[in-house]
Amino acid sequence: MAERPEDLNLPNAVITRIIKEALPDGVNISKEARSAISRAASVFVLYATSCANNFAMKGKRKTLNASDVLSAMEEMEFQRFVAPLKEALEAYRREQRGKKEASEQKKKDKDRKTDSEEQDKSREEDNDEEQS
């Protein structure tokens, strides 16, 4: 758990980037407003985590999963965010599958290359022995 209350706040740089992306160009935000939004976002994350943890505990699990978070959003009466969150989750899962498949393909290609090099080396050794 956090040692100081400030440890619970989200990084200011992240909050600032999110705010800038949400606002139209040319709109500025005061330092106080950024701080207030940062604190509000931190409180929201803590509350959502607490609610999701309750669902995990009901399921006798120690690990929160995506369904716990989605259920927490519904319990917190943020149903309108559930569909976009499901879409984002599915996009994340597709991205992770793609990365995993690319990694596996890269490993297979490397293994094939290694096998091919070993076969070439073995042929060279056989040819050297025949010439001797």
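Visitor: Which helix holds glutamate 21 and arginine 17, and how many residues apart are they?

Guide: Helices here are DSSP runs of H or I, at least four residues, numbered from the N terminus. Glutamate 21 and arginine 17 sit 4 residues apart in helix α1 (residues 12–22), so about one helical turn separates them. One caution: this is a predicted model, where local features need pLDDT of at least 70 and side-chain atom pairs count only at pLDDT 80 or more, while totals for chains, interfaces and linings use all residues. Residues are numbered from 1 along each chain as its sequence is written, and side-chain values use heavy atoms, leaving out hydrogens and water.

Visitor: What links glutamate 21 and arginine 17?

Guide: A salt bridge, meaning a side-chain nitrogen of Lys or Arg within 4 Å of a carboxyl oxygen of Asp or Glu. Their closest N and O atoms are 3.9 Å apart. The structure holds 4 salt bridges; among them is glutamate 95 with lysine 99, at 3.4 Å.

Visitor: Is aspartate 68 buried or exposed?

Guide: Buried means under 20% relative accessible area, exposed over 50%, and partly exposed in between (1.4 Å probe, protein chains only). Aspartate 68 is buried at 3%. Its salt-bridge partner is arginine 61, 2.7 Å away from N to O, and arginine 61 is partly exposed at 30%.

Visitor: Which residues make up the largest nonpolar core?

Guide: Such a core is a set of buried Ala, Val, Leu, Ile, Met, Phe, Trp, Tyr and Cys residues joined through side-chain atoms within 4.5 Å. Here there are 8: Ala48, Cys51, Ala52, Leu70, Ala72, Met73, Met76 and Val82. Helices α2 (31–58) and α3 (66–75) each give two or more of them.
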